[in-house]
Amino acid sequence: MPKETATQAKKAGEAVQEGLTDLKSKGVTEITAELRRLLADTFALYLKTKNFHWHMSGQHFRDYHLLLDEHSDQIFAVTDEIAERARKIGGPTLRSIGDISRHQRLKDNDEERVAPKEMLAELATDNRALTRYFRSAHKTCEKYDDLATASLIEIWIDQAERRSWFLSEIVQGL
C-alpha cells in the first residue's frame with residue numbers, strides 16, 4: 001500500500017474511533033489495549049476452568065464438576081462483554097487463538113493429570129490474578145474518564161472475587 005494511502009487509512013480509522021465515542025484517541029488506544037489483554041486472560045481462564053471441569057475426578061466429583069461448569073459459563077459470558085466494549089469505543093479486539101496466546105498473562109495448564117485440590121487452588125490463584133488485572137485496567141479507564149468500561153470492570157471484579165472466595169474456601173477444607 002502506498003504511503004499516502006496508508007496514511008489516509010490510518011486517519012480514517014482514527015476518525016471512526018473518535019466518531020464512536022467522546023473518548024480521545026489515545027484513551028481508546030490505551031483502554032482497548034487493556035481490554036485485549038483482559039480478553040486474552042479471560043479466554044485462558046475459561047479454557048483452564050473447562051479443562052479442569054472435564055478432567056475432574058474424586059470423591060467430590062459432582063460438586064466440583066458442577067461448580068466449574070457454573071464458573072466457566074460466567075467467565076465465557078464476560079468474554080463477549082469485553083470484546084463488545086472494545087468495539088463500542090472504536091478499538092480492535094482479538095482475532096484468533098494465536099492472538100490470545102500473544103496477549104494472555106495467565107498461564108495454561110497442559111498437565112495430563114492434576115489432583116482436584118491443585119485444580120481448585122490454581123483456579124483460585126488465577127481468579128485473584130485476573131482481579132488484579134481488572135483493577136489495573138480500571139485505573140486506565142479512570143485516567144480517561146471512561147465510566148462505562150470502569151463500571152463493567154467493577155462487576156467483573158466482583159465476579160472474579162466470588163469465584164476466588166468459593167475456590168479458596170473449598171481448598172482450605174481439603
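Me: In the protein chain, what share of the contacts with a separation of 6 or more comes from residues 24 or more positions apart?
Reply: The model in question is a predicted one, and its contacts can be sorted by how far apart the partners lie in sequence. Among the contacts in the protein chain with a separation of 6 or more, the part that belongs to residues 24 or more positions apart is 78%.

Me: How do the residues of the contact of helix 3 with helix 6 divide into nonpolar, polar and charged?
Reply: The crossing of these two helices, helix 3 and helix 6, is left-handed. On the side of helix 3 the residues in contact include Y64, L67, H71, I75 and R85, and they meet a set in helix 6 that includes L152, W156, R163 and I170. Sorted by type, the residues of the contact of helix 3 with helix 6 come to 12 nonpolar, 4 polar and 3 charged.

Me: What is the handedness of the crossing of helix 2 and helix 5?
Reply: Helix 2 and helix 5, the latter covering residues 116-143, pack with their axes 10 Å apart and at an angle of about 165°, and are therefore roughly antiparallel to each other. The residues of their contact divide into 11 nonpolar, 6 polar and 7 charged. As for the handedness, the crossing of helix 2 and helix 5 is left-handed.

Me: Is K48 buried or exposed?
Reply: K48 lies in helix 2, and, leaving out residues up to four places away in sequence, K48 touches K107, D108, N109, E122, L123 and D126. Its relative accessibility is 5%, and because the cut-off for this class is under 20%, K48 counts as buried.

Me: Which parts does the aromatic pair of Y46 and F76 tie together?
Reply: A search of the whole structure finds 3 aromatic pairs, and the one formed by Y46 and F76 is tilted, with 5.0 Å from centre to centre and 45° between the planes. F76 has 43% relative accessibility and counts as partly exposed. Since the two residues are 30 residues apart in sequence, the parts that their pair ties together are helix 2, with Y46, and helix 3, with F76.

Me: What kind of aromatic pair do W165 and F166 form?
Reply: F166, at 28% relative accessibility, counts as partly exposed. The ring centres of W165 and F166 lie 5.2 Å apart and the planes stand at 85°, so the pair is edge-to-face.

Me: How far apart in space are A83 and L35, C-alpha to C-alpha?
Reply: A83 has its place in helix 3 and, at 17% relative accessibility, counts as buried. Apart from its neighbours within four places in sequence, A83 is in contact with L39 and T93. A83 and L35 are 48 residues apart in sequence, whereas their C-alpha to C-alpha distance in space is 7.4 Å.

Definitions and conventions:
Residues are numbered from 1 along each chain as its sequence is written. This is a predicted model: local features need pLDDT of at least 70, side-chain atom pairs count only at pLDDT 80 or more; totals for chains, interfaces and linings use all residues. Side-chain values use heavy atoms; hydrogens and water are left out. A crossing is left-handed if the near helix is turned anticlockwise from the far one by less than a right angle, and right-handed if clockwise. Helices (H or I, at least four residues) and strands (E, at least two) are DSSP runs, numbered from the N terminus. Contact means heavy atoms within 4.5 Å. Ala, Val, Leu, Ile, Met, Phe, Trp, Tyr, Cys and Pro count as nonpolar, Asp, Glu, Lys and Arg as charged, and the others, Gly among them, as polar. Rings of Phe, Tyr and Trp (its six-membered ring) pair if their centres lie within 6.5 Å; planes under 30 degrees apart count as stacked, over 60 as edge-to-face and the rest as tilted. Buried means under 20% relative accessible area, exposed over 50%, partly exposed in between (1.4 Å probe, protein chains only). Axes are lines fitted to C-alpha atoms, for helices over the stretch in contact, and angles run from 0 to 180 degrees between N-to-C directions. Angles under 35 degrees count as roughly parallel, over 145 as roughly antiparallel, 65 to 115 as roughly perpendicular and the rest as oblique.
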